[in-house]
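Trainee: I am new to this entry and would like to go through it step by step. Please take my questions in turn.

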Number of protein chains: 2
Amino acid sequence: MALDVLSREKALDLASSIGGSFDAIKVGYPLILAAGLEVVREISAAAPVIADLKVADIPNTNRLICGQALQAGASGLIAHAFPGRDALEVCQMEAQSFGADLFVVIEMSHPGAGQFMAPLAEEMARLAVEVGASGVVAPATRPERIRTIRSIVGEKVIISPGVGAQGGSAAKALEAGADYLIVGRSVVDARNPAAEVEKTIAAMKGR
Amino acid sequence: MALDVLSREKALDLASSIGGSFDAIKVGYPLILAAGLEVVREISAAAPVIADLKVADIPNTNRLICGQALQAGASGLIAHAFPGRDALEVCQMEAQSFGADLFVVIEMSHPGAGQFMAPLAEEMARLAVEVGASGVVAPATRPERIRTIRSIVGEKVIISPGVGAQGGSAAKALEAGADYLIVGRSVVDARNPAAEVEKTIAAMKGR
């Protein structure tokens, strides 16, 4: 679940009410900036936290960013591949030293991702494998791409955002080879989040 | 000045002691995660703050991240061009609505930046101009590249990191067309930061 909310109270409320239905809770900068990095540890009481920081800086800065997120209790990190091998390697080293997982963004779900990222996705997927990352992030909105990525990353984990508010189909993404789906706004903005979780799980099984 | 420290106390101390010698103070995630986003407002008492968040997410998330940094008092933002036009446009819209400046990363100073980013730098520079950004970020470690970037961005501002600890020459970067230089570790880690500032300014004038 992408815990895409801006208040600590709402985040903790959703984490404790429906967090247990998910394998992990993805937390990004909008919530961390609003609530402080401590919120990661609080949420991790409900489920493992993946810090979706889209880490994309020089190696020294990446090391500091990853280290802080991991010290705050994150079990996983999301980093960009496009700043290159050395930048990604330090993220993996930090993750490894905490026994955490690194997931590498290789494609994204918004239209603009077609401009620079999509043509490099396969090369970035290979880099993710080479640095020893646990997996990659590739959008559910383009299931045909997930199939290609799967052929590159082998047994690595593929996690796929874009289901729900962004229009991706859960069943199609899983069929194409995604291991985990990320649902965000469709659940956290729902009037009845628990009912929306049931609906999403049913859609996944409906493959 | 890149205020690359991890403690609020050290940050505020450096900002008040030497911040006035700089046109702006660049603050990144390592400090913000350690000290909380409020530190941006505190530092802005000494000099305008550029929030170097290397923003690189989908449009909706970029909007939320930029909005929070601007509300916290940032006068400028640094975003990646890599996630494409729509992602960058929302950063510019947010910056504009606060009367702030957007600076777009088009090259970086670490070796890994040669892998995916360098071949796209000119296209990303054109995108920065097209979305109406105030300027671009291009490394002082490759002055010959600054010259090329200048020919693309015209009157836009070029700010250049990589002087000092990363080995870039201040005089050469300015000669190649950089408008502002970013110095970080060489100043903030110095035993006598004020003396190091004087030295850096002398090196700039020595062009």
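Predicted model: local features only at pLDDT ≥ 70, side-chain atom pairs only at ≥ 80, totals over all residues.

Trainee: What radius of gyration does chain A have, and what would a compact globule have?
Mentor: The C-alpha trace of chain A spans about 45 × 35 × 30 Å along its principal axes. A compact globule with 207 residues would have a radius of gyration near 17 Å. Chain A agrees with that, because its own value is 16 Å.

Trainee: What share of the residues in chain A is buried?
Mentor: The accessible surface of chain A is about 7,900 Å², and carbon and sulfur atoms hold 49% of it. Buried means under 20% relative accessible area. Of the 207 residues in chain A, the buried share is 59%.

Trainee: Among contacts in chain A between residues at least 6 apart in sequence, what percentage joins residues at least 24 apart?
Mentor: A contact here means heavy atoms within 4.5 Å. Taking the contacts in chain A between residues at least 6 apart, the part that joins residues at least 24 apart is 62%.

Trainee: What is the volume of the largest cavity?
Mentor: Rolling a probe the size of a water molecule over the atoms shows where empty space is left. The structure holds 1 cavity of 30 Å³ or more. The volume of the largest cavity is about 50 Å³.

Trainee: Which elements each supply at least two residues of the lining of the largest cavity?
Mentor: The lining draws on both chains, with A:Y29, A:T61, B:Y29 and B:D52 among its residues. By type, the lining divides into 7 nonpolar, 1 polar and 4 charged residues. The elements that each supply at least two of the lining residues are β2 (49–55) and α4 (59–71) of chain A, together with β2 (49–55) of chain B.

Trainee: What is the phi of A:K54, and what is the phi of B:K54?
Mentor: Most residues other than glycine have a negative phi. A:K54 and B:K54 both belong to the lining of the largest cavity. A:K54 is found in strand β2 of chain A, and B:K54 lies in strand β2 of chain B. Both values are positive: phi of A:K54 is near 40°, and that of B:K54 is about 45°.

Trainee: Are A:K54 and B:K54 buried or exposed?
Mentor: The relative accessibility of A:K54 is 11%, and that of B:K54 is 10%. The cut-off for buried is under 20%. Therefore A:K54 counts as buried, and B:K54 likewise counts as buried.

Trainee: Which residues does B:A24 touch, not counting those up to four places away in sequence?
Mentor: B:A24 sits in the loop between α1 (8–18) and β1 (25–28) of chain B. Its relative accessible area is 18%, so B:A24 is buried. Beyond its sequence neighbours up to four places away, B:A24 touches B:M1, B:P48 and B:I50.

Trainee: What distance separates the C-alpha atoms of B:A46 and B:I18?
Mentor: B:A46 is in the loop between α3 (38–43) and β2 of chain B, and counts as partly exposed because its relative accessibility is 32%. Leaving aside neighbours within four places in sequence, its contacts include B:A15 and B:S16. B:A46 and B:I18 are 28 residues apart along the chain, and their C-alpha atoms are separated by 8.7 Å.

Definitions and conventions: Residues numbered from 1 in each chain as written. Chains lettered and ligands numbered in written order. Heavy atoms only, no water. 1 Å grid on protein atoms, 1.4 Å probe; cavity = no way out; pocket = protein on both sides within 12 Å on 5 of 7 lines; lining within 4 Å. Points joined across faces, edges and corners; volume = space filled by probe spheres on them. Helix = DSSP H or I, 4+ residues; strand = E, 2+ residues; numbered from the N terminus. Nonpolar A, V, L, I, M, F, W, Y, C, P; charged D, E, K, R; others polar. Rg over C-alpha atoms; globule rule 2.2 N^0.38 Å. Buried < 20%, exposed > 50% of the residue type's maximum accessible area, 1.4 Å probe, protein only. Areas by Shrake-Rupley, 256 points an atom, 1.4 Å probe, with all protein chains shown as cover.
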